[in-house]
Amino acid sequence: MKAGKLRLPRFFIINMTESNFRLSLLGPWRRFFQWLCTLLLLLIPWFQFQGKSLLRIDLSNFSLHIFGQILRIEELYLFLIFCLVFGVGFLLITMVFGRVWCGWACPQTTLTDLAEWFSRMIGLKLKDNRLQGAIWKKTLAHLFFILLSLLVGANLVWYFVAPQRFFSELASGSLHIGAWISWLSTAVTVYLDLALIRRLMCSEFCPYGRFQTALADQGTLTLHLPAEESYRCIECDSCVNTCPMGIDIREGFQIECINCGRCLDACRKVMAPGQQPGLIHYNFGTEGQGVKALFNPRVLLLSVATLVLLVIFVFAIGNRQVASLKVSVSHTVSAKVLKDGQLATFFNAWVNNRGTQPATYRILARSKSEGAPLTLKGQTSKIVIEPGNNRKLDFVLVTTALDSPLPVQFVLTGPAGEEVAITDAQVSPVRSH
Ligand code: SF4
Ligand code: SF4
């Protein structure tokens with residue numbers, strides 16, 4: 001193929017001298033990114049931040065460990081806001097970048113790539129989604145799939161049981177039955193996926209793929225072969241043969257396309273010997289309009305929604321209490337009038353240290369009406385609590401005899417005497433029978 005015989009735009013001809021033509025491929029970048037995401041998923045459960053898991057759901061304490069913070073179930077609204085930010089942000093990314101997640105980051109794609117790579121490496125062929133080759137090679141491939149599936153299953157469990165504890169309990173035979181069930185059921189599901197389903201997951205089953213159909217927009221990033229360049233196509237079919245989803249991108253945008261960029265690389269390689277650029281490009285807009293296609297109401301609306309939710313999340317985190325205090329009148333011990341005529345009311349309290357360091361707390365009582373002295377007796381000072389832990393306490397509030405209910409306020413003070421949590425309660429008079 002000679003460049004001089006083709007009607008090429010001047011821009012291309014200027015850059016097509018032997019000395020300055022450079023073949024740049026996306027494949028190495030895609031693989032780097034896929035492995036980076038995979039390694040992060042594998043390693044996050046091993047990392048600690050300020051002595052706590054970077055990310056772990058602690059089912060026994062109903063809490064979430066996230067970047068050194070411990071969110072207990074009462075604070076899961078923060079997690080829900082985070083999920084909303086993540087969910088709406090993910091919608092925005094999908095609307096702007098299409099199925100780029102599927103091709104560049106999704107663990108399903110990475111696992112399938114790995115399974116197909118191993119199968120090819122041992123001499124198997126993949127035709128009509130079936131492995132073809134010697135039986136011992138197929139057995140070897142399935143053994144590899146089983147190992148991979150067990151690793152993926154264990155990786156999921158590590159987000160609930162710290163990996164160090166997982167391995168020590170596994171070695172001592174004391175791993176919880178729930179962990180076994182989660183591990184093995186995930187491993188079986190992943191094995192069936194790798195052995196039988198593979199790319200069909202992306203085209204037929206994955207709800208995200210279907211969802212993307214509704215989100216594709218006039219500004220979405222797609223692989224595109226501009227009509228004005230189609231005359232350069234030499235009909236080699238490399239782009240079709242390399243496509244893991246079995247589609248022909250020359251026919252325009254198709255929802256099965258996972259934006260992996262393999263067809264783009266294939267075309268660049270085919271065109272490189274003739275020192276011509278590839279024909280296939282990433283472009284915003286299903287019609288190749290370019291970045292300006294992003295300025296449309298749907299993208300702008302979703303951008304604003306993401307930003308607003310992000311601000312709410314940052315505000316909620318910034319105003320998060322470092323400790324919480326819950327107080328309620330004891331249901332097991334009734335209030336009584338003491339010999340000196342004073343009223344003793346029994347309370348239960350729950351103090352939660354939401355910080356990352358052990359802390360010593362104290363509980364104080366304040367009357368909300370003038371001239372009602374309050375005295376606390378019991379476990380109300382030197383309350384030492386480890387980070388993320390909860391402690392139940394019992395104490396008595398002594399007041400003068402009452403004719404009507406008295407509103408009171410309990411204050412939790414921190415190590416430096418600062419007020420860290422306040423809760424309202426009420427002391428009721430004792431009725432004589
Ligand atoms: S058309 Fe291209 S980008 Fe889309 S899935 Fe096939 S190879 Fe990947
Ligand atoms: S790889 Fe490029 S030249 Fe070959 S068929 Fe596809 S678009 Fe045409």
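Modeller: A residue counts as near a ligand if its C-beta atom, placed from the backbone, lies within 6 Å of it. This is a predicted model, where local features need pLDDT of at least 70 and side-chain atom pairs pLDDT 80 or more, while totals for chains, interfaces and linings use all residues. Residues are numbered from 1 along each chain as written, with chains lettered from A and ligands numbered from 1 in the order written.

Colleague: Which residues are the closest to ligand 1?

Modeller: The shell around ligand 1 has 15 residues. It divides into 10 nonpolar, four polar and one charged; Asp, Glu, Lys and Arg count as charged, Ala, Val, Leu, Ile, Met, Phe, Trp, Tyr, Cys and Pro as nonpolar, the others as polar. The closest are Cys243, Cys257, Cys260, Arg262 and Cys263.

Colleague: Which element gives the most to the shell around ligand 2?

Modeller: Ligand 2 is surrounded by 14 residues, the closest being Cys233, Cys236, Ser238, Cys239 and Cys267. Two elements give two or more residues to that shell, helix 11 and helix 12; helices are DSSP runs of H or I with at least four residues, strands runs of E with at least two, numbered from the N terminus. By class, the shell has 10 nonpolar, one polar and three charged residues. The top contributor, with three residues, is helix 12.

Colleague: Why is helix 12 largely enclosed by the rest of the structure, and how many of its residues are buried?

Modeller: Buried means 20 or more other C-beta atoms within 10 Å of a residue's own. Among the buried residues of helix 12 are Arg262, Cys263, Asp265 and Cys267. They pack against helix 2 (27-43), strand 8 (221-224), helix 11 (238-242) and strand 9 (281-284). Helix 12 is largely enclosed because the buried count, of its 10 residues, is eight.

Colleague: Which residues does isoleucine 249 contact, leaving aside its neighbours within four places in sequence?

Modeller: Isoleucine 249 is one of the residues with the most contacts inside the largest nonpolar core, which has 19 residues. A core is a set of buried Ala, Val, Leu, Ile, Met, Phe, Trp, Tyr and Cys residues joined through C-beta atoms within 7 Å. Helix 12 supplies the largest share of this core, five residues. With contact meaning C-beta atoms within 7 Å, isoleucine 249 touches Leu223, Leu225, Cys239, Cys257, Cys263 and Ile280.

Colleague: Is alanine 115 buried or exposed?

Modeller: Alanine 115 lies in helix 5 (residues 107-121). Its contacts beyond four places in sequence are Phe145, Leu148, Leu194 and Arg198. It has 23 other C-beta atoms within 10 Å, so alanine 115 is buried.

Colleague: In strand 17, which residue is the bridge partner of isoleucine 363?

Modeller: Strand 13 (residues 359-367) runs antiparallel to strand 15 (residues 383-385), with three bridges. Six bridges join strand 13 to strand 17 (residues 406-413), again antiparallel. In strand 17, isoleucine 363 has as its bridge partner leucine 412.

Terms used:
A residue is buried if 20 or more other C-beta atoms lie within 10 Å of its own, exposed if 12 or fewer, and partly exposed in between; C-beta atoms are placed from the backbone. Two residues are in contact if their C-beta atoms, placed from the backbone, lie within 7 Å. Two strands pair if DSSP finds at least two bridges between them.
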